[in-house]
Amino acid sequence: MTTGATVWLTGLPSAGKTTIAHELAGRLREEGRRVEVLDGDEIREFLSAGLGFGREDRHTNVQRIGFVAELLARNGVTALVPVIAPYADSREAVRKRHGANGTPYVEVHVATPVEVCSVRDVKGLYAKQAAGELTGLTGVDDPYEEPETPDLRIESQNQTVQESAASVYALLSERGLA
């Protein structure tokens, strides 16, 4: 059986997490890998409906996603998880769950500065926050705890999507996971 793994891409809104995950997924699928992208927005709609954006609800959401990712990964699927997961303790709990089950886990920090993210503003969140229509935007008026020692740090503003995905692929290859 093929070894699965969870690749958690954390970073601010509009950092490029989902774009990188889909680019990487395409490459892995071309090589015959079983891959799922667990998109944070889709998870909130289907598995975490009703949760808010306070710290406790965000933690619960991250734990649910981590559970699903670990379940997939231990069954030979590469689970790509482009989810903000703003709190270090929530991410660490997911890492520990994987470790307890012997499931490979890779944390990638998509370290795009908030100034770049606010220009990209894929979902219009930064514009809504600036207009006073939204509060609690991660990295602006709600905390984002950057990973201190991620397995990989990507500065997406300095490279193409393909280069970013290739750097994740290279790490997975080094670890025998691609």
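## Secondary structure

Helices, of at least four residues, and strands, of at least two, are taken here as DSSP runs numbered from the N terminus. By that assignment the chain of this predicted model holds seven helices and five strands, and read from the N terminus these elements follow the order β-α-β-α-α-β-α-β-α-α-β-α.

An unreviewed UniProt entry annotates residues 4-154 as "domain: APS kinase"; this span is 44% helix and 15% strand, and its end C-alpha atoms are 22 Å apart.

## Overall dimensions

The radius of gyration of the chain is 16 Å, which agrees with the value near 16 Å that a compact globule of 178 residues would have. Along the principal axes, the C-alpha atoms occupy a box of roughly 50 × 35 × 30 Å.

Of the 178 residues, 46% are buried, while the accessible surface amounts to about 8,600 Å², with 49% of it belonging to carbon and sulfur atoms. Among contacts with a separation of 6 or more, 76% join residues 24 or more positions apart.

## Nonpolar cores

The largest nonpolar core comprises 28 residues, and those with the most contacts inside it are Val-7, Leu-24, Leu-80, Val-108, Val-168 and Leu-172. At least two residues of this core come from each of strands E1 (5-10), E2 (35-37), E4 (105-110) and E5 (152-154), and likewise from each of helices H1 (17-30) and H7 (161-174). A second, separate core has twelve residues, including Leu-38, Ile-65, Val-83 and Ala-85.

Which residues is Val-7 in contact with, leaving aside its neighbours within four places in sequence? They are Thr-78, Ala-79, Leu-80, Val-81, Val-106, Val-108, Val-168 and Leu-172.

Definitions and conventions: Residues are numbered from 1 along each chain as its sequence is written. This is a predicted model: local features need pLDDT of at least 70, side-chain atom pairs count only at pLDDT 80 or more; totals for chains, interfaces and linings use all residues. Side-chain values use heavy atoms; hydrogens and water are left out. A nonpolar core is a set of buried Ala, Val, Leu, Ile, Met, Phe, Trp, Tyr and Cys residues joined through side-chain atoms within 4.5 Å. Buried means under 20% relative accessible area, exposed over 50%, partly exposed in between (1.4 Å probe, protein chains only). Contact means heavy atoms within 4.5 Å. UniProt positions are given in the numbering used here, feature names are shortened, and annotations may be inferred rather than shown by experiment. The radius of gyration is taken over C-alpha atoms; the globule rule is 2.2 Å times the number of residues to the power 0.38. Accessible areas come from the Shrake-Rupley method with a 1.4 Å probe; for residues, only the protein chains shown count as cover.
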